[in-house]
Amino acid sequence: METYLVLKDLAIIVIAAKLFGIVARKLKAPQVVGEIVAGLIIGPSILGWVNQTDFLMQMAEIGVILLMFSAGLETDLKELMKTGPIATLIACAGVFIPLLLGAAYYMLFYGISPWGSEEFYKAVFVGTILTATSVSITVQSLKEMGKLKGKVGTTILSAAIIDDVIGIIVLTFVIGFKNPNSKPSTVIINTALFFALALVVGFISYKLFKYLDKRYPHTRRIPIAGLAYCFLLAYVAERYFGIADITGAYVAGIILCSINDSSYIERKVDVNSYMLFGPVFFASIGLKTNIDSVTGGILLFSLGFVLVGLVSKIIGCGLMAKICKFNGNDSFKIGVGMMTRGEVALIVSQKGLSAGLLEPVYFTSVILLIIVSSIATPIILKILYSRDKGENEVQAA
């Protein structure tokens with residue numbers, strides 16, 4: 001009987017996501033905005049037609065993995081290498097500023113606590129939550145506008161991947177404050193080992209796929225093998241190295257982006273993502289929200305938390321981009337593109353809950369930040385890119 005309930009949920013999600021996606025596009029907003037709003041409306045907060053289940057969470061995870069794999073396949077490797085050092089600086093600023101401002105906000109709201117106290121560690125952990133970047137929404141928005149392969153899009157993608165790695169290291173250090181058994185050095189070593197393994201295995205895999213592509217060009221076995229490779233690398237990253245699975249998926253896409261049939265693989269992957277897994281992922285952001293237990297104090301804290309979360313990324317990443325010689329509009333795009341939060345923020349929050357650094361009631365704040373940033377980011381990016389078009393038209397005239 002439960003199987004039939006799952007089928008009902010999937011039918012509602014797919015129909016609602018696509019209908020609201022069409023409405024969003026009619027209103028000149030990115031389709032993902034409509035899909036997120038759809039999840040909010042059909043979820044527990046309003047209609048209650050669909051509740052978040054383990055099965056839907058797993059499907060949403062597959063959706064974000066496919067999205068990041070597709071982004072890797074579309075990446076211009078030469079441009080990625082060119083933006084690597086700059087992306088590292090942007091990622092570092094995008095971690096440090098939110099960490100600092102998030103901890104300061106918690107202390108200002110609840111009172112300044114002495115170094116080493118329980119409340120001090122909680123404040124630092126709130127800042128740690130804000131360091132996480134989920135670039136999935138930005139990726140989809142840039143793809144819709146055809147801007148993913150540009151310098152700004154590649155910089156955002158590169159910075160987000162590096163941001164993820166730095167965020168994991170910061171998380172481990174913070175948890176280490178509470179748990180003496182936690183070893184931050186182990187995470188640093190595992191992170192280095194993963195990318196070393198990805199470099200070696202990636203070179204071998206690239207040669208193998210290049211051979212298969214030459215022998216069986218434009219056949220279905222190529223995207224099938226590519227998809228299996230994506231899942232395998234995502235699994236290895238998470239299971240054996242403690243790196244987020246989406247990082248492994250993106251690295252898999254980077255490894256295969258230079259073979260002749262990379263665009264063919266990307267088109268086949270996009271079919272699965274567009275039809276089912278993508279809508280489930282974006283709708284799941286809205287499904288996670290339940291506003292029944294929100295008190296006035298938590299709501300007030302949450303509003304400030306959201307504001308600090310958005311502004312801190314724009315300041316940190318945007319200012320560093322400006323220092324790295326991007327123009328004002330492109331610097332703003334990078335700051336805005338990095339301000340989305342998603343599954344990584346929820347994972348970090350769950351880790352904090354387990355370690356006693358976060359109370360369950362604050363999940364409302366995190367989910368509100370995810371929803372607001374996920375809706376605001378595509379809209380602001382669209383406005384910023386429309387400015388480019390307007391400036392070009394003025395210059396042409």
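**Close-up views of a predicted all-residue model**

The protein exposes about 18,300 Å², of which carbon and sulfur atoms supply 68%; accessible areas come from the Shrake-Rupley method with a 1.4 Å probe, and for residues only the protein chains shown count as cover. This is a predicted model, in which local features need pLDDT of at least 70 and side-chain atom pairs count only at pLDDT 80 or more, while totals for chains, interfaces and linings use all residues. Residues are numbered from 1 along each chain as its sequence is written, and side-chain values use heavy atoms, with hydrogens and water left out.

**Figure 1. Overview of the fold.** The protein has 15 helices and 0 strands; these are DSSP runs (helices H or I, at least four residues; strands E, at least two) numbered from the N terminus. Of the 397 residues, 53% are buried, where buried means under 20% relative accessible area, exposed over 50%, and partly exposed in between (1.4 Å probe, protein chains only).

**Figure 2. A nonpolar patch on the surface.** Leu101, Leu307, Val311, Ile315, Leu319 and Ile323 form this patch, with about 530 Å² of accessible area together. Helix α12 (residues 296-323) gives the most, with 5 residues. Isoleucine 315, found in helix α12, is partly exposed at a relative accessible area of 41%.

**Figure 3. The aromatic pair of phenylalanine 209 and tyrosine 229.** The structure holds 14 aromatic pairs, defined for rings of Phe, Tyr and Trp (its six-membered ring) with centres within 6.5 Å; planes under 30 degrees apart count as stacked, over 60 as edge-to-face and the rest as tilted. The ring centres of phenylalanine 209 and tyrosine 229 lie 5.6 Å apart with planes at 55 degrees, so the pair is tilted. Phenylalanine 209 belongs to helix α8 (residues 184-215) and tyrosine 229 to helix α9 (residues 221-241), 20 residues apart. Phenylalanine 209 is buried at 6% relative accessibility, as is tyrosine 229 at 10%.

**Figure 4. Lysines over aromatic rings.** Lysine 151 lies over the face of phenylalanine 326, 5.0 Å from the ring centre. The charged end of lysine 333 sits over the ring of tyrosine 385, 4.1 Å from its centre. The criterion is NZ of Lys or CZ of Arg within 6 Å of the ring centre and within 35 degrees of the ring normal.

How values were computed
Patches are made of residues with over 30% relative accessible area and no salt bridge: like charges are joined within 9 Å, nonpolar side chains (Val, Leu, Ile, Met, Phe, Trp, Tyr) within 5 Å. A salt bridge is a side-chain nitrogen of Lys or Arg within 4 Å of a carboxyl oxygen of Asp or Glu.
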